[in-house]
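Trainee: Could we go through this model together, one question at a time?

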Amino acid sequence: MKRRTFIKTASASGLACTIPPIFPNFYDLDYSTAELMGKAKIELFGEGINLRKEAYESFLAMKKAAYSDGFDIKIASSYRDFYRQESIWERKYLRYTDEDGMTPLDAIDKIIEYSTIPGTSRHHWGTDIDVIDGYPESSGDVLVTEKFEAGGPYEGLKLWMDENSVKFGFYLVYTNNPRRRGFKYEPWHYSYAPISIPMLTAYRKLNILKLLQKEEFLGSEHFTTGFVKTYVQDNILDINPVLL
């Protein structure tokens with residue numbers, strides 16, 4: 001299968017997901033600022049899975065269905081608290097500025113191609129997962145776009161997820177829509193919509209600029225009002241519209 005054919009298939013599947021899902025119960029819950037920013041201790045379920053209860057149960061059902069079809073869904077990453085995201089951010093910031101000689105602003109632009117600013121990650125919520133297929137052999141970084149495309153070790157799983165993940169409430173977050181801004185296409189990143197939609201609704205009510213100005217991680221002193229505004233619009237809100 002040629003890359004163009006694969007993208008066309010994935011895009012067509014994505015179009016089927018544009019009808020907003022209807023999920024009861026979760027919209028009346030209150031989420032604290034600390035919880036939304038990954039600073040609160042939350043109850044997580046599943047060794048090596050680390051999701052909120054409902055997301056965990058739905059993931060297990062999805063994993064079982066995929067297993068029946070010959071795929072072993074493995075989680076490469078799920079819940080990350082603020083401090084874990086902070087360490088990822090600072091490690092990349094130091095590498096780009098100290099080792100690669102980038103300016104702070106260029107380093108920040110490079111980081112946010114794929115990594116979120118601490119306190120703004122969907123992985124703080126216990127609803128989002130990065131997945132791979134545990135069966136094929138693969139070396140190096142597993143979360144690479146090409147590995148999910150035609151000829152890649154995770155091509156089969158990606159096509160299976162395109163067809164089936166929404167049945168379990170999981171939706172691709174950062175699609176390959178050429179008009180989408182913000183984070184680059186992530187064929188591995190799925191979100192459990194019944195919880196993440198109301199959490200994003202709550203998150204949008206926060207004053208992100210004010211909250212980030214209180215932080216002191218490396219590079220945060222370069223966050224201007226304009227930068228944060230654009231970041232929120234492009235990286236937090238320009239996602240699969242089903243998840244808004």
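The questions below cover the fold, the cavity, the aromatic rings and one glutamate.

Mentor: This is a predicted model, so local features need pLDDT of at least 70, side-chain atom pairs count only at pLDDT 80 or more, and totals for chains, interfaces and linings use all residues. Residues are numbered from 1 along each chain as its sequence is written, and side-chain values use heavy atoms, with hydrogens and water left out.

Trainee: In what order do the elements of the protein chain run from the N terminus on?

Mentor: Helices (H or I, at least four residues) and strands (E, at least two) are DSSP runs, numbered from the N terminus. The protein chain has nine helices and four strands. Their order is α-α-α-β-α-α-β-α-β-β-α-α-α.

Trainee: What percentage of the residues of the protein chain count as buried?

Mentor: Buried means under 20% relative accessible area, exposed over 50%, and partly exposed in between (1.4 Å probe, protein chains only). The protein chain has 244 residues, and the buried part is 51%.

Trainee: Which helix gives the most to the lining of the largest cavity?

Mentor: A cavity is a set of points on a 1 Å grid over the protein atoms alone where a 1.4 Å probe fits but cannot get out; lining residues have an atom within 4 Å of a point. The lining includes Arg122, Trp125, Tyr231, Asn235 and Ile236. Two elements give two or more residues to it: helix 7 (193-203) and helix 9 (225-236). With three residues, the top contributor is helix 9.

Trainee: Is the pair of phenylalanine 148 and tyrosine 154 stacked, edge-to-face or tilted?

Mentor: Rings of Phe, Tyr and Trp (its six-membered ring) pair if their centres lie within 6.5 Å; planes under 30 degrees apart count as stacked, over 60 as edge-to-face and the rest as tilted. By this rule there are 16 aromatic pairs. The centres of phenylalanine 148 and tyrosine 154 are 5.1 Å apart and their planes stand at 50°, so the pair is tilted.

Trainee: Are phenylalanine 148 and tyrosine 154 buried or exposed?

Mentor: The accessibility cut-offs above apply again. Both phenylalanine 148 and tyrosine 154 are buried.

Trainee: How far apart are the C-alpha atoms of glutamate 54 and isoleucine 195?

Mentor: Glutamate 54 sits in helix 3 (residues 53-68). At 31% relative accessibility, glutamate 54 counts as partly exposed. Isoleucine 195 is 141 residues away from glutamate 54 along the chain, yet their C-alpha atoms are separated by 8.3 Å.

Note on methods. 1 Å grid on protein atoms, 1.4 Å probe; cavity = no way out; pocket = protein on both sides within 12 Å on 5 of 7 lines; lining within 4 Å.
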